[in-house]
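Me: I would like to learn how to read a few features of a structure. Please give the general idea each time, then the case at hand.

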Amino acid sequence: MKTIPAFISATVDQFRYAPLVIQIAVIFTAVAVSMTAIAYISILLNRYRSHRREKKLAALHPLIDELLTEHILMNEELYTDEPVEATVPVGVFDKPIFEKKWARQVLIQRLMQYRDNVQGAMGDQLRSLYIQLGLDKDSLKKLKSSRWDHKIQALGELTNMDIPIADVIILPLTNSRNRELRATARHAYIKLSKNEPFKFFDVATEPLLLWDQVELFRIISTTDRISIPNFAQWITYSSNKSIIAFCLKLVEHYQQLSAVPAVVKLLDTRDHYLRANAINCLGKLRIESVEDKLMSMYDSQPHHCRTEILKAFGRISSGKQVDFLRQEFLHSSDFEIRKHAAKSLINNQWAASSLIQELVDTATRENKLILKHCMNPLIKF
Amino acid sequence: MHKILVIEDDEVMPKIFQRILHKENYQLDHVVNGKEAIQKLEETNYGYDLIITDIMMPYANGFEILSRVKSRKEGKPIAVIIVSNAGNEDMILEGFKLGADDFLKKPVIPGELLIRVKRLLMQYQ
Amino acid sequence: MDSTFWEMLRNIFEAGTFIYGAVLLGTYALLALFSIIAVRSYAKKGESQQVDILLKSPLAPGITVLAPAYNEGLTIIYNVRSLMTLVYPRYEIIVINDGSTDNSLEQLIEAFELVPVDFAYNVKIPTQPVRKIYKSSNPAYALLTVIDKVNGKSKADAVNAGINAASYDYFVCTDVDCILHEHTLMELIKPVMQEPHKRVIATGATLRIANSCEFDEGVMTRMRPPRQLLPRFQEVEYIRAFVLGKMGWSLINCVPNVSGGLGLFDKEVAIRSGGYDFSSFGEDMELMTRMCRYASDNKIDYAIRYVPRTLCWTEAPVTVRIFGRQRTRWARGLAQLMHAHFSMFLNPGYGRMGMIIFPYNFFFELLAPLVEAIGIIFYITGAVLGLINWPTALLLLLFIYTYSVMITTLAILWDQLTFRYYKSWREVIYLCATPLMEMFIYHPLIVFFSLRGYFHFLTGKKSSWGNMQRRGFKQQATAH
């Protein structure tokens, strides 16, 4: 009869003298089994942790909401647009739960959520509460954390609450090697800096992502304090194409007529994507004086610049390009070109109504369909 | 007393509305999505004086509700305010085309909201 | 058979299998590592980037949502309604009624107050003729366009018609019977907007099985793993394929395919590549391959991205018969694709597509069922002849088994760590137990149906099923 140690040593011997394949298989089987077990345990722990967190949040949120409702939302003095010197109800938040870090974090997030929904005196009051509860210290501490995602979170909180950050702290972050952090820090700088918010436009060499443009656009167009510069300086001098393209959008948004000469100059650029952007911008600004130039360059342009020129004629709607549009509509072999010509003709309808009628009566079947398509108010494009 | 229906799937905003509009003694009902909104409207036979709605939410979007309310022939007309964080100009235009009476972007200024609500309710009286 | 010959054959076979297996298992280990990096980085980024910023922005790129429908009368209204509640500032929906024989079109006309319009439809990709195009007379439904076309016997033909009518630069392709997450469009466009240098030509996301989830008028109210075994196997398989597979590949920019259930595509590249191929049995992967090919040929520095979040729920087949049809079709599609594009195989001109993705698919997707089948035959023969060293064989089998359970469990873990789907413990335990049975029940089915698909490919069997049966499981699923 075998004893247990003997059995083990026999097994070990068996393993030792087994072929390599078997040895590998045995080792890997053991690894796989333990990895699977670890995975099970991790799933278990993870679910348990988030379950507990959810429960805690479910208790804390109503408490915060109640306090905020009672002491801020109900405050009669806050229903005006003027800044009021209402007292901030710091005392009511003096509860043991708010000494805990996680609860303070939840409070910060809730305050931010409220500030996304209200502004004016009530928004200011929420901000004062944030400061007087010392929550800005929490955010600033997170800003010094070594983890980049914590830093980003902190920047988000500080910008939401409009808390100025010292240049010595934020400027190094704007050059961080982490792209996300770098972009967020620059956005925060633009929002919070008092002296030269747009300085990154001068130095940025990497492309400005579409995603960052969205964020920047929001910051620039919603922060009242930022004074809008003349974007012509970057349109003319920047070597960063994405910055130029972004400035064109800003020119359009602010209807910045002072930048028009720079945009017109950009029509000569060799980059045809930028050129198309410039044409688009001029059309949306409805710069009538540029029509002749657009007309003269039309023939030498690639397809998408041509369609932009046709669209611009429709937007400007001076009535002067009707003959040209008619000619393109009738004679171009390209469907898209004909469609845009037709669309722009319809946009010039005040000057071309008899012409359009004549075209409808005489056009080929397909052209007639295009015209009808463009005239139908139910179809947008 | 005026009856107001708030359609909003955000958690915080209805609480704020509740408080802002509470001041004037309006009676406020709150639903969280398009389906509940339509149910509520039909249950009460469109018995509201004002509707405050978001645009994008589950089941039926704000435009659909707007179109239902505004295309109704019988009964008294109901004022509709759209409150949304979608600041896209096309969307705002779309809303006005469908007959929205007002459009407010989030974040709202409480005093402004109150004045606009009051003004609309007066107009529709 | 003389036994030294057998011995030699066995040695060669075993060495071959060993190398093949080692590379395959090594790849899986790497994928597991890559995918956790990719998934965590997605989650970390996601915390700081609120998607609703895009919602407020006039700079959001426009997206066309294409939903082909064939005899979906039961659910079409709810499904279109649910598409209309997607959270995105600039999009349109094009429903393509692919010559349905039920009353889908009438229902659509009635529910959304549609009227026929004179639409300048430009045939950029040839399809079966379009009968009429409808728009709503109610401005509330202004984003909806309905195309009524002659049945083209394929999803590809229907989607192509939709692409022709699309007005935005990106299109999202989905099945009308798929349920989308409300943030789908924002999640799919985000990787496109965040790419500094490359052109992102497609983005995909994780798909899951809808069978046991609860829905109310086209909105999901409760997510659950399927209760029935066959769909649950598929759920586990999808988690592994998407969260571990596709995410791992996407870290090294080697995504092989964007699933047909949900994907966002660059319209220009898709059109220039010729659109979907109606004769293909795996039109989604086929288009992706052609788009990559087009991009490489035209020196476009492209990328395909994946989002680990589940954005789409699809009804899975519940009977072996219909499941078999689906997998046979997929396998046939794969064989077709490999055959048609074989010039890309190990062709450095096609970059990673030619050097990594294509060879991987060839050896480990296409050949895997064959290798396994040969292995099984080999062992059965050996067993009959009494030439098997049973302890070794069983040990190897045990190793393969534990390894595959580990990989699948890791995939479930990655998914759970980041998103914590499902509500109750029991559901997760059910799900974790499923991989334990996979090798004995589910896997042999897949091998068998794949071989059947290859056989059909080789014999050129006319497919007797059109789009009717492709979604046939739908009716069955609702009957339960």
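Reply: Start with annotations: UniProt positions are given in the numbering used here, and annotations may be inferred rather than shown by experiment. Note also that this is a predicted model.

Me: At which residue does UniProt place "modified residue: 4-aspartylphosphate"?

Reply: The UniProt record, an unreviewed entry, places that feature at Asp54(B). In chain B, Asp54(B) sits in the loop between β3 (50–53) and α3 (62–70).

Me: Is Asp54(B) buried or exposed?

Reply: The test is a count of neighbours: a residue is buried if 20 or more other C-beta atoms lie within 10 Å of its own. Asp54(B) has 23 other C-beta atoms within 10 Å, so it is buried.

Me: Which residues does Asp54(B) touch, leaving out those up to four places away in sequence?

Reply: With that exclusion, Asp54(B) touches Ile7(B), Glu8(B) and Asp9(B), and also Gly62(B), Val83(B) and Ser84(B).

Me: How should I read a nonpolar core?

Reply: In soluble globular proteins, nonpolar side chains tend to be buried together. Here the largest nonpolar core has 243 residues, and those touching the most other members are Ile235(A), Cys247(A), Val263(A), Leu66(C), Ile93(C) and Val95(C). Helix α13 (residues 390–419) of chain C contributes the largest share of this core, eleven residues.

Me: What does Val263(A) touch, not counting residues up to four places away in sequence?

Reply: Its contacts are Ile235(A), Leu248(A), Val251(A), Ala278(A), Cys281(A) and Leu282(A).

Me: How many residues do chain B and chain A bring to their contact?

Reply: The size of an interface is often given as the accessible area lost when the parts come together. Counted in residues, this contact takes twelve from chain B and 18 from chain A. On the chain B side, α1 (13–22) and α5 (110–123) each supply at least two residues, and α1(B) gives the most, with four. By class, that side has eight nonpolar, one polar and three charged residues.

Terms used: Residues numbered from 1 in each chain as written. Chains lettered and ligands numbered in written order. Predicted model: local features only at pLDDT ≥ 70, side-chain atom pairs only at ≥ 80, totals over all residues. Buried ≥ 20, exposed ≤ 12 C-beta atoms within 10 Å, placed from the backbone. Contact = placed C-beta atoms within 7 Å. Core = buried A, V, L, I, M, F, W, Y, C linked by C-beta atoms within 7 Å. Nonpolar A, V, L, I, M, F, W, Y, C, P; charged D, E, K, R; others polar.
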